[in-house]
Amino acid sequence: MSALAAPFIGDHYRVTAPATVSHPVPGPETFESIVDDYQRRLYGFALRMTGNREDAEEIVQDAFVRAYRALAKMDPQQRSELRLQPWLYTITLNVTRNRLRSKRATNVALDALADPDALLNETQEGPDQPQHIVDRAADMVLVEQALLQLPMHLRAAATLRFIEGRSHPEIAEILNQPIGTVKSHVHRAVRILRRILGPQVGRIVPSDRPTAAEEEE
Amino acid sequence: MTPLRCCDVERLWDEMREGVQPRREHVLAHLRACPECQEIYRENEGIAYCLTCLPLVDPPQSLVPKILDHIKATVKIAAPDSIARVESPIGRLYVAFRHTGITAVAVDRGEDEELVLAKLQRRLGRGLIPSQAPQWVTETVAAFFQTHRPDLEKVDISELTPFEQSALRAAATIPPGEVRSYGWIAEKLGQPTAARAVGRAMARNPVALLYPCHRVVDATGALHQYAYGVEVKARILALEGYHSKGAPPQAARPPR
Ligand SMILES: [Zn+2]
């Protein structure tokens with residue numbers, strides 16, 4: 001393969017969805033295990049969408065309560081036909097949307113997940129911390145904040161696509177949108193992120209591209 | 001073959017990552033010759049890489065017990081709705097409501113009242129306490145029969161599944177006097193293959209009339225089904241100025 005054949009079409013990222021958990025037919029009786037299995041990823045999703053731990057916690061709580069009530073009202077056939085994972089994501093997204101909409105009125109400042117100054121201070125005190133770890137933490141804050149600058153529907157598309165590594169059809173199901181719309185939202189999200197992060201990307205991404213193994217570190 | 005333009009190549013980046021793009025070879029050929037697009041691809045890969053590097057933050061340990069407590073609490077305090085009888089041009093209605101809005105409307109078909117209440121309670125997942133209809137309830141119902149456009153702010157469907165809610169909202173966009181197909185709603189929701197699920201959502205609509213599931217018919221224009229019988233559906237539609245049989249074609253407006 002020549003150097004230019006496919007030099008930047010990476011396959012070292014998660015482009016496949018994380019393994020889905022299979023369940024017996026979901027219902028109020030099995031709800032506790034559903035909470036156990038999904039709380040972590042729904043929290044992660046809500047956190048990326050809001051940039052705020054407190055919001056994410058409340059969103060996940062609210063989403064599970066809604067899911068429980070809805071399940072309790074479904075008949076057995078509806079339960080057996082339910083696609084649990086996308087359904088839970090859709091509920092979480094709806095709760096997030098309502099919450100952000102009502103919050104926007106009061107214009108709450110973004111609460112970055114990691115405070116760059118705190119991180120710098122912490123890490124600089126330890127004598128063994130190599131400089132690149134310090135830079136890396138600060139870089140991740142930049143990426144986080146860039147994501148939060150996207151309009152919500154683009155942020156949802158980018159989060160599901162790149163952070164969670166979901167396929168276009170999966171995202172379409174979660175967002176209740178045609179696949180073509182999903183693709184165009186992903187495209188627009190990347191364009192905006194490129195505008196925000198463009199100058200930094202070269203620095204953040206190591207020039208000796210990571211192999212899958214190195215990326216684990 | 002027509003060579004791809006830069007903007008097309010840019011748009012195909014995400015699909016190229018999946019490795020299944022049918023125009024893959026063309027895109028690669030373009031990339032080899034176009035430094036600008038190479039740069040864009042490189043930057044996009046960088047963006048995607050940065051996003052995958054974001055740390056996965058774990059929820060606090062206390063989250064699961066909090067969620068379970070929350071569920072227990074809300075299930076216990078799922079306060080009953082009130083239910084009242086309201087007279088209407090199509091006969092007596094049962095209307096369930098609480099302070100957030102009307103939660104159910106059922107047409108009385110002479111069934112045993114207990115049976116009707118039991119069915120509604122099952123659908124709502126809450127108890128129902130017989131009471132008098134307050135003025136805002138009778139006014140909302142009356143508005144449906146006067147203008148066929150009731151105030152949906154006074155109708156609470158927030159407890160339904162997200163899909164049911166969006167299907168009903170789509171149904172509410174059908175103008176009075178017209179009908180649309182299940183497929184039309186599915187299309188509108190961006191899920192063109194979900195016509196059957198739409199049918200189910202309409203069949204389970206707890207707030208008959210106010211969310212106009214009666215304006216949704218099958219692809220041939222046949223009234224298909226209604227929770228209170230097809231005759232009642234035809235009667236409501238007739239009140240709105242729609243006639244399913246013998247009406248001139250443009251008035252019938254068969255869906256799609
Ligand atoms: Zn080009």
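Reader: Is A:Phe64 buried or exposed?

Author: Buried means under 20% relative accessible area, exposed over 50%, and partly exposed in between, using a 1.4 Å probe and protein chains only. A:Phe64 has 0% relative accessibility, so A:Phe64 counts as buried. A:Phe31 is buried too, with a relative accessible area of 3%. Keep in mind that this is a predicted model, where local features need pLDDT of at least 70, side-chain atom pairs count only at pLDDT 80 or more, and totals for chains, interfaces and linings use all residues. Residues are numbered from 1 along each chain as its sequence is written, chains are lettered from A and ligands numbered from 1 in the order in which they are written, and side-chain values use heavy atoms, with hydrogens and water left out.

Reader: OK, how do I read a pair of aromatic rings?

Author: You describe such a pair by the distance of the centres and the angle of the planes. Rings of Phe, Tyr and Trp (its six-membered ring) pair if their centres lie within 6.5 Å; planes under 30 degrees apart count as stacked, over 60 as edge-to-face and the rest as tilted. Over all chains, there are 7 aromatic pairs here. In one of them, A:Phe31 and A:Phe64 have ring centres 6.1 Å apart and planes at 85°, so this pair is edge-to-face.

Reader: Where in the chain do A:Phe31 and A:Phe64 lie?

Author: Helices are DSSP runs (H or I, at least four residues), numbered from the N terminus. A:Phe31 is in helix H1 (residues 31-50) of chain A and A:Phe64 in helix H2 (residues 53-73) of chain A, so to speak two distant parts of the chain, 33 residues apart. Ring pairs also join A:Phe31 and A:Phe64 with A:Tyr68 in a cluster.

Reader: What does B:Ile71 touch?

Author: Contact means heavy atoms within 4.5 Å. Leaving aside neighbours within four places in sequence, B:Ile71 is in contact with A:Phe31, A:Phe64, A:Val65 and A:Tyr68. B:Ile71 sits in helix H5 (residues 63-76) of chain B, and is buried at 6% relative accessible area.

Reader: And how do I read a nonpolar core?

Author: Nonpolar side chains tend to be buried together in soluble globular proteins. A core is a set of buried Ala, Val, Leu, Ile, Met, Phe, Trp, Tyr and Cys residues joined through side-chain atoms within 4.5 Å. The largest one here has 78 residues, and those with the most contacts inside it are A:Phe31, A:Phe64, A:Trp87, A:Leu88 and B:Leu51. Another core, of 52 residues, lies apart from it and includes B:Ile83 and B:Met202.
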